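Visitor: Could you take me on a close look at one part of this protein? I would like to understand the salt bridges, please.

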Amino acid sequence: MGLYDRCVLPCLIDFACGLPMVQAQRQKLIPQARGRVLEVGMGTGRNLPFYDRSRISRLVGVDPALQMHRLAQQRSRAAGIEVELMGLSAEQLPTADASFDTVVCTYTLCTIPDAAQALREMRRVLVPGGKLLFCEHGRAPDENVRRWQDRLQPLWGPLVGGCQLGRDIPGLLDAAGFTATTQAAYLAGPRPMTFHYWGEAQAA
């Protein structure tokens with residue numbers, strides 16, 4: 001891992017993930033988490049201030065980017081929430097079937113190499129009736145914006161840790177066996193980066 005990935009990228013991602021319109025999305029979604037919670041792609045812990053501590057009994061965070069764990073630990077202490085951090089990706093979760101009531105996945109599917117497999121794992125570890133809470137940027141509905149997403153991708157991906165601008169979030173959820181209630185809209189900012197999907201999903 002080079003200097004950029006160790007030192008610059010965590011700060012860049014933390015800044016982008018803390019922009020006001022992104023924080024507003026988190027604030028709408030994260031308080032809904034309850035029971036035993038698995039957060040996939042915890043990163044620097046930007047979701048932690050928004051959990052309702054009275055509703056959760058356990059919080060496990062999964063993220064392969066170990067260089068981001070330090071900030072996540074700082075935010076867990078500030079939020080007064082104990083987090084069990086695992087330094088691994090989500091394509092193969094070391095947890096039993098039906099072991100979580102809620103899975104949280106925000107701004108993560110864009111960087112997981114095999115997002116479809118990761119979603120299948122999320123479905124596997126959810127209890128019957130459990131919920132996946134998600135918020136992701138992804139494939140825009142407008143053809144001209146999609147063209148820009150495709151043009152920018154070769155430059156964008158290496159700069160921001162492999163992020164994919166144009167992933168089909170509803171299609172991935174459906175293929176993994178989820179039935180989702182999804183909202184979608186452009187947030188403030190450059191359109192190739194800001195078309196968002198968010199909502200909740202359950203096993204179909």
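Guide: Happy to! Keep in mind that this is a predicted model. Side chains of opposite charge can pair when their charged atoms come close. Here, the count comes to 10 salt bridges. Let's visit some of them.

Start with E84 and R58, whose closest N and O atoms are 2.9 Å apart. E84 belongs to strand β3 (residues 84-86) and R58 to strand β2 (residues 56-62), so this pair ties together parts that are 26 residues apart in sequence. How open are the two partners? E84 has a relative accessibility of 32% and therefore counts as partly exposed, and R58, at 33%, is partly exposed too.

Next, find K131 and E200, which meet through their side chains in a salt bridge of 3.2 Å, N to O. K131 is partly exposed at 33% relative accessibility, and E200 is partly exposed at 24%.

Now move to a helix. R147 and E143 form a salt bridge at 3.3 Å, N to O. Both residues sit in helix α5 (residues 143-159), four residues apart, which is about one turn of the helix. E143 counts as exposed, because its relative accessibility of 52% is over the 50% cut-off. R147, at 40%, is partly exposed.

Finally, look for D14, R46 and R75: these residues are linked in a network of salt bridges.

Methods:
Residues numbered from 1 in each chain as written. Predicted model: local features only at pLDDT ≥ 70, side-chain atom pairs only at ≥ 80, totals over all residues. Heavy atoms only, no water. Salt bridge = Lys/Arg side-chain N within 4 Å of Asp/Glu carboxyl O. Helix = DSSP H or I, 4+ residues; strand = E, 2+ residues; numbered from the N terminus. Buried < 20%, exposed > 50% of the residue type's maximum accessible area, 1.4 Å probe, protein only.
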